[in-house]
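Subject: Structure handover

Hello,

Here is the structure I said I would pass on.

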Amino acid sequence: MSMDKRPLLTVQLANRAGDLAILTLAAFLASFQQGQLHWKVALVIALASSFVLVLLPTLFWRPLRFVGTRLFGSRQVEQVLIVGVGPLGRHTHRALLNDGKHSVIGYLRFDDEEGGARLGAPVLGPIGDLERVLRERIVDEAYFAASSHDLHACVQGAIGVCERLGVPFAIPVCHYRLARAKPAGGSDFTDGYVHYLNARYSPAQALLKRLLDIAVSSMALLALSPLLVCVALAVKLTSRGPIFFRQERVGLHGRTFGMIKFRSMVSDAEALRAALLARNEQTGPVFKMKQDPRVTRVGRLIRKHSIDELPQLVNVLRGDMSLVGPRPPLVGEVARYEAWQRRRLSVRPGLTCIWQVSGRNQISFEQWMMLDMRYIDHWSLLQDLRLIMRTVPVVLLGRGAS
Amino acid sequence: MSQFRRDESHAEIERPPRMLIVEDDAELLGEMVHFTRSAMGFETFGAYDYGGAVIHLGQVALDVVSIDLTLPRESGFELCEYVRRLPRLAHVPILVTGEAPLPRDMAHAEEAGANLFLEKPFAMRDLSLHVTALIERPKVSRPGLRFLRLF
């Protein structure tokens, strides 16, 4: 959280003086052979090691971090909503802030609770507003800081909302006051909460999926780089406008990100869309059209083989997307989602999913959403690998769903 | 090095501050009593359990109370509630000490009437910072249990 508040460079270097001294001493010891001190060697070792181990990281920390956050985003901060403004809510907030990986976007009040001063985050409304808040804000986890069993019915209802919308939540392990007793298992639930996910994968599996994403996307980007360069040149040379088309899409738990494609349409395509709405061929809030007059000639070719989607490998590498997952929707589409459809956002969006390899093009919006739910509810790493394998021929033969 | 400052806002305290420390670990209790007496200039009383604490609470006009949550018979939570039930001590600042508190434990401590939580194990320096923070707080007390950030 407070990573930005680094002290002045001179102060940093002064703090590193101890490291420098130890390195110098080590260098002298290393060059002390057969009772003879090779002080020139010692000096060189001391200077070189200080430079590499102390000065370089200190000088280049900021630029390195800048590149790091640019490439990989700042996804490490989890956004939390706390339900309950009582003592438990407040102390949960404090514990979350202390670990530096969470930020609390706000509180919701249980119906019998009073306002809530000195909370350190805004009260966003009564618990009845849970669905509204979960739809409007990015919430990675909701903590139900209910300190008594009287709230049973209230929390039960709220859990239902979280399950329907696909938002992870945490409920207290125990409401009772324990002065001495410890859980018999030895390891306590680290924060006194049980955490629930609405997705099928465990944290370890999620990590595996992410590692697969990083490995495959970086290798694919490397292997396809000649093709990518050629396509970039073709796009740039055959029509006016930029190479890439960057579009605001909705990712994990409602985070927006810029999804990158090769530009396949004329540069004022978004403006022309309104005029074409009457000819939409897809049901629901999505716009799709077979013979779209806005597509350029190169665009038609790269779209046929889904080459225009390849730059999204960068989105995968950055962590905005995954290789397999529901296609990321537009902001406007999400606003019109029904509650259960929003559960698509409970996993990272992907390049390909069940529908994309199904070979079926004419499919209603409802059916499409059902296929995405099937993917989420029956997820396995094996299924991911299978979908990746099945995507490759579909793309090469140009049979992909448009 | 007297940690206790007598400034304008505490002009009403003429005598050294009186503190009661309730702690079942004899060694730690001895260390805490010695430190608050010699380094902070307090007049400190010690007790090992609920019963011993009750005797002191009935006899002495206290300025601050430190309570360990894990006591051999009745718990520290119950002692906090007992203190708050005494009209004379309803507003005395209470410091509670305990190991690895979960948010739930801190919420319960606050509901029982504690003002500040000090996580065990602590250094005597932490104790003095916490006690000083409690005694020097403004007369109009703000609600809620606090957890002093030392770093």
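The notes below go through what was found, topic by topic. Please keep in mind that this is a predicted model.

Strand pairing in chain A

Strand S3 (residues 78-83) of chain A runs parallel to strand S4 (residues 102-109) of chain A, and six bridges join the two. Within this pairing, A:Leu81 stands opposite A:Gly106 of S4(A). Between S3(A) and S4(A) the chain passes through helix H4 (residues 87-98) of chain A, giving a right-handed β-α-β crossover. S3(A) is also joined, by four bridges and again in parallel, to strand S6 (residues 141-144) of chain A. There A:Val80 has A:Glu141 of S6(A) as its bridge partner.

Chain B

Five helices and six strands are found in chain B. Along the sequence they follow the pattern β-α-β-α-β-α-β-α-β-α-β. Of the 151 residues in chain B, 54% are buried.

Salt bridges

The count over all chains is 19 salt bridges. One of them pairs A:Arg135 with A:Glu131, at 3.9 Å from N to O. These two residues are four apart in helix H5 (residues 130-136) of chain A, so about one helical turn separates them. Both ends are partly exposed: A:Arg135 has a relative accessible area of 24%, and A:Glu131 is at 26%.

A second salt bridge is formed by A:Lys261 and A:Glu309, with 3.4 Å between the closest N and O atoms. A:Lys261 belongs to strand S10 (residues 256-262) of chain A, while A:Glu309 sits in the loop between helix H10 (297-304) and helix H11 (312-318) of chain A, so the contact ties together parts that are 48 residues apart in sequence. A:Lys261 is buried, at a relative accessible area of 14%.

In chain B, B:Arg15 and B:Asp63 form a salt bridge whose closest N and O atoms are 2.8 Å apart. This pair also links distant parts of its chain, 48 residues apart: B:Arg15 is in the segment before strand S1 (18-22) of chain B, and B:Asp63 is in the loop between helix H2 (50-59) and strand S3 (64-68) of chain B. B:Arg15 is partly exposed, with 28% relative accessible area, whereas B:Asp63 is buried, with 18%.

There is also a network of salt bridges, which links A:Asp129, A:Arg132 and A:Glu136.

Cysteines

How many disulfides are there over all chains? The count is zero. For A:Cys162, the closest cysteine sulfur is that of A:Cys154, and at 12 Å it is too far for a bond. A:Cys162 is buried, with a relative accessible area of 0%. A:Cys174 is in no disulfide either, the nearest cysteine sulfur being that of B:Cys80, 18 Å away. A:Cys174 is likewise buried, at 17% relative accessible area.

A nonpolar patch on the surface is formed by A:Trp39, A:Leu43 and A:Leu47, which together have about 350 Å² of accessible area. A:Leu43 is placed in helix H3 (residues 39-72) of chain A, and its relative accessibility of 42% makes it partly exposed.

Lastly, A:Gly398 lies in the segment after helix H15 (381-396) of chain A. A:Gly398 counts as buried, at 15% relative accessibility.

Regards

Key
Residues are numbered from 1 along each chain as its sequence is written. Chains are lettered from A and ligands numbered from 1 in the order in which they are written. This is a predicted model: local features need pLDDT of at least 70, side-chain atom pairs count only at pLDDT 80 or more; totals for chains, interfaces and linings use all residues. Side-chain values use heavy atoms; hydrogens and water are left out. Patches are made of residues with over 30% relative accessible area and no salt bridge: like charges are joined within 9 Å, nonpolar side chains (Val, Leu, Ile, Met, Phe, Trp, Tyr) within 5 Å. Accessible areas come from the Shrake-Rupley method with a 1.4 Å probe; for residues, only the protein chains shown count as cover. A salt bridge is a side-chain nitrogen of Lys or Arg within 4 Å of a carboxyl oxygen of Asp or Glu. Buried means under 20% relative accessible area, exposed over 50%, partly exposed in between (1.4 Å probe, protein chains only). A disulfide is a pair of cysteine sulfur atoms within 2.5 Å. Two strands pair if DSSP finds at least two bridges between them. A crossover is right-handed if, with the strands pointing away from the viewer, the path from the first strand over the helix to the second runs clockwise.
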